[in-house]
Amino acid sequence: MNSLPLLSLLVFAPWAGALVLALLPRLSPSASRGLALGTSLSTLLFGLIACSDFNPAATAYQFVEVHNWIRALGVHYYLGLDGMSLLLVLLTGLVAPAALLASWRLERDVRLFNLLFLLLQGAALGVFLALDFFHWFIFWELSLVPAFFLIKLWGGPGAPRAAYQFVIYTLAGSAFMLAAFAAIYGATGSLSFPQLAHAAAGGELAAALGPWWIKIVFVGVFLGLAVKVPLFPFHTWLPSAYAEAPTGASMFLTGIMSKMGVYGFFRLLWPLFPAQLHAASGVLLWLALAGVVLGAFAAMAQTDLKRMIAYSSINHVSYCLLALFAVAGGGSELARDSAATSAALTSAKEAALSGALLQMFNHGLSASALFFCAGILASRNNGNRGLADYGGVRTSAPLFAGLCGLAMFSSIGLPGLNGFVGEFLIFRGVFGLVPYAAAVACLGLFATAYFLLTFWQKVFHGPVAGGGKNFADLDGLELATLLPGIVLMFLLGLAPQLLAGLINPLVTTWAAK
Amino acid sequence: MIISAQHLWLIPALPLLAAGIGALTPRGGRSLSAGAAIAAMVAAFILSCLALRTALIDPAAHQTFNFAWFDLGHGAVRLGFLLDPLTAFMCVMVTFVGALIFIFSTGYMKDDANFKQFFCFLSLFAAAMLGLLVANSLLLLFICWELVGLASYLLIGFWFHKPSAAAAAKKAFITTRIGDLGFLFGILWLYDARGTLLFFDGGHGVLEAASLSAMAGTTLSCGLALSTAIGLLIFCGAVGKSGQFPLHVWLPDAMEGPTPVSALIHAATMVAAGVFLIARVYPLMSADQVLASVPVHALTVVAFIGGITALMGACIAVAQNDIKRVLAFSTVSQLGYMMLALGVGSWVAAIFHLLTHAFFKALLFLGAGSVIHAAHHEQDMRSLGGLRGPMKTTFATFAIGMMALAGVPFLFSGFWSKEAILHAALEWDVSILPLIMGLAAVVLTAFYMTRLVAEVFFGKARSHAAEHAHESPATMTIPLVILAACAIALGFLGTPAFPWLQAKLLGEAEVHGHSLLVGAGLMGLSIVLVALGLGAGWAIYGRKLRQSATAKDPLETASPPLFAALAARLGFDELYAATVGRANLAFGALSAGFDRYVLGGTISFLTRFAHFTGVVSLENDESGLNAGFNATSEKLRGAGQSYSKAQTGDAHGYLRVLALAFVVLVLLVVLGGGR
């Protein structure tokens, strides 16, 4: 293994930056921005180093760091990384600096904003890399605090209420999860994810908890994760939180924070409770489908641009869970012992799981880009974000229109851009496991195209009107914020192997379970 | 130079490169963008001709080049390129017509501010279209299929500042996407059933015998064969893209795009992609033909949809006044013919008509473009007139295109390809209805084209713009002349006496000619019908020419309700707006309302409830918690902000419930199940 504690560096570099900001109260705004951006970019740097040393073929955790922490409780400081974590670390390294660049022109309390943002980034990385529930949960909860203040202090007029709703709702979910893990700890004496997963696979976890308790504990963990993603119907905090947050925070919330929940589903819920997830998958599939379909159709009825993108996020993230639930539950009734059928089911599972992981990454790129574009629109027109407040923006700002259009088509899932590959694989897998679910989810594909093109038509096309008058095209800073993501959308659309190569062996072992 | 399957990627890559150059050049780089686009098309044409030469060496072979796109599980998602006569003929047509239309566009779009962007989009379209043709994988085909849809969207909405153009672009994308969802579903099903989407893969491809017999041999619970179900789903995509009934409504609106776009995308190439798709997967579509006792064969549905579309399009075209809309409905109708041919079992007749139609319809659209350009963007036939004199070249070439489309016998290509379709329909033993619909459309086609020519080119100019029209520049007329020559010559590639094209498409090395008189009865009948249509058209519109732009149409005088219904395109748009459109919006509003009132209401009720229990049960803690929490939040919130008492209360109520729940759960675990 690497002698350098790479994962600790990954997690704590942003926090170190935050600490420096906290200790230097006189730091000028521009120096704060520079410092924050630099530390934020460290994630990308360390992520790429990890990527170059990463061995995709080995599906165990890599770069592992284990130290005893609280001996009396058997708590370890335990970090490790596999293909899924790596994907999300890289995504954080891309989205977080972009979000900071998007907040570059913020003038109020610059130092505090950057400080909170770095705290948030570090907490998210901790969630993706921690393998012991004890500090995993600390990271998980600590991410709420900076997010709360970012929304509340720099958000729109409705922000205090939205921030409140967001924190209380998420906290409520987390409380159930904490209680559930307390129960697990009481029963097994372990909080290490790999150990617990191993125990779950061997049936010892179920034996230790007992048939009833394991169900209750499952529900507890589920609630904590479902609120965070969010899964329908636990999503009602999301539209106002995303809409009221400042642009940079919206980008991070949708790009990274929603992935924390999905990550939890893959890292905790599925390995620890495979039988319970299997039993519940019928209901959960319908919840995910409701998120896919109702999310997209609710987006259609929005007149506020950011609320529209927020609902579209519900739709996109629900695809990931749809795939997971189909894998966890589907197919068992289809398997009729024949070797051919079981091979077909395995390849459907591989497709669904790969699709879900790719979709996490792709949605992070496209949704944060769309939120940034909505932020640009609002910043040019006194903060107005109504669909009807604009017209003909493409006439005065062709470059902005072009790049925003690419982000939009990536979100629609146009082939050639990144979004398609993930969605196609999810549909391919879900169809093989639960055909009707794929059919229902098609409605979501249709509605997404409809509302995004309506947005495009109203805001960018038609005669110049409203906020579209004298609309300045992108300047250098905005271009620098948007362009890396757009380039990646092309690159990953044409060469999905760049990401698929990192996760495929992992997914293959998952599907074989 | 030998072009084989592994070099085929070059053909779409060249226009893609040109599109990239077009995208990155600054606005002023007009000649660079256009030059790159035309050069790439010409180069792609040369490569296509070389590929055709390779394909004709052994027409029965399907040369493939397959490769892994990315790893998936134990295998990989594989794509590939395919070289056979079908691909090669289509590539030659698309690059040839495309290059001519690109050249025409340099004249037509000369004054447009977004000139360089226009060529960027055109090149993007060409790349996607050619990629679609060379694909050896249904997935790669679908990828390119969606990309031509994108290019079509961008080009229909090219004059995006016009609300009608912006609306038409969206309508086209959404309508075709409805069909594409069916197509996608078919792809998923096929992928799941066969584990691959490659067409030909050394015996493992989905179009090869093992796969076909397995799919035809699987019967679904609804009684259909698996291959029928998948075939019909794939056909959904073709219905959307090729403007077939009932998804034809987007194609006439697509005429909002610049006329060269209408010629290239919405007449000659993209809309024919649906026909190409069905021809490409023809083994799959026809796999169920061996089964006698299934409720329906996939191709039967194709035949009837095609027949209905052919007749309906021709009827509506009779009552349109916009020169481009007449041609658009004519395209709908002609695509219906091609589908009909596919359905009745002759995919080679469909491709023959696709190729001839591409040339003569591109000619007609470019002719219309030349007229529109000369008449300062006047498109209403009632306001044109008398252009025969000032625009001699345009008139002559347009007349050739018109006769090819109408099916004037022997000299014109449209006659031979349409005859091939009608003969195939005659030999179809399932039903005679498609043949009857096809024959009825023959009369109507000749009739509406005569009406169009009489209104536009004969009589006197009926508007200021038409009076001052003059012939277009050479960049525009030369492509017209070349296309006109092709509109005549191409027919002789596939006459019954020497059916070279058909033989090569079918993979036969030798060409077996028949006598011209085979099926002479039907040929005679259709010649009579063409004459009838031309005669009636001339009798009504030619002998008594329109005098003013506002005069009523003779048909309108004869039967106002019928004419009104046809002019309103039989009300499909209104019907869809009232049903699908309204249901769509209503469901959207319902989803949003459900979210806000039902779910939101439940949450706020739960909050109140939590607050209430908190207040009642833990009075003591409140002062302690509150003090600490308030002190913190007081520091952080700005002086002017304050949140309501209720919200603070909610929070604490929540926290208390959480604490309670946590304690209770832990206790229960420790006392009860924690062993």
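Helices α3 and α20 of chain A are roughly antiparallel to each other, a relation assigned to angles over 145 degrees, whereas those under 35 degrees count as roughly parallel, 65 to 115 as roughly perpendicular and the rest as oblique. The axes of α3(A), residues 83–102, and α20(A), residues 476–494, come within 9 Å and cross at roughly 160 degrees, where axes are lines fitted to C-alpha atoms, for helices over the stretch in contact, and angles run from 0 to 180 degrees between N-to-C directions. Helices (H or I, at least four residues) and strands (E, at least two) are DSSP runs, numbered from the N terminus. The model is predicted, with pLDDT of at least 70 needed for local features and 80 or more for side-chain atom pairs to count, while totals for chains, interfaces and linings use all residues. Residues are numbered from 1 along each chain as its sequence is written, and chains are lettered from A and ligands numbered from 1 in the order in which they are written.

The crossing of α3(A) past α20(A) is left-handed, a term for a near helix turned anticlockwise from the far one by less than a right angle, clockwise being right-handed. On the α3(A) side, Leu94(A), Ala98(A), Leu101(A) and Ala102(A) meet Leu477(A), Ala480(A), Thr481(A), Pro484(A) and Gly485(A) of α20(A), contact being defined by C-beta atoms, placed from the backbone, that lie within 7 Å. This contact has seven nonpolar, two polar and no charged residues, given that Ala, Val, Leu, Ile, Met, Phe, Trp, Tyr, Cys and Pro count as nonpolar, Asp, Glu, Lys and Arg as charged, and the others, Gly among them, as polar.

By class, the contact of α2(A) with α4(A) comprises six nonpolar, six polar and two charged residues.

In chain A as a whole, 21 helices and four strands are assigned. The radius of gyration of chain A, taken over C-alpha atoms, is 22 Å, close to the 24 Å that the globule rule gives for 513 residues, so chain A is as compact as a globular protein of that length; the rule is 2.2 Å times the number of residues to the power 0.38. Buried residues make up 66% of the 513 residues in chain A, a residue being buried if 20 or more other C-beta atoms, placed from the backbone, lie within 10 Å of its own, exposed if 12 or fewer, and partly exposed in between. Of the contacts in chain A with a separation of 6 or more, 82% are accounted for by residues 24 or more positions apart.

The bond from Val229(A) to Pro230(A) is cis with omega near -5 degrees, and the bond from Phe232(A) to Pro233(A) is cis with omega near 0 degrees.

Chain B has 27 helices and two strands, and 57% of its 675 residues count as buried. Helices α16 (residues 392–406) and α20 (residues 474–489) of chain B have axes that come within 9 Å and cross at roughly 30 degrees, which makes α16(B) roughly parallel to α20(B). The crossing of α16(B) and α20(B) is left-handed. In the loop between α15 (347–374) and α16 of chain B, His376(B) has a positive phi of about 50 degrees although it is not a glycine, and His376(B) is exposed, with 12 other C-beta atoms within 10 Å.

The contact between the chains takes 54 residues from chain B and 64 residues from chain A. The largest share of the chain B side, 14 residues, comes from α6(B), and the residues of that side divide into 35 nonpolar, 12 polar and seven charged. Tyr191(B), which lies in α6 of chain B, is buried, with 23 other C-beta atoms within 10 Å, and touches Arg428(A) and Leu197(B), not counting residues up to four places away in sequence.

Notes. Contact = placed C-beta atoms within 7 Å.
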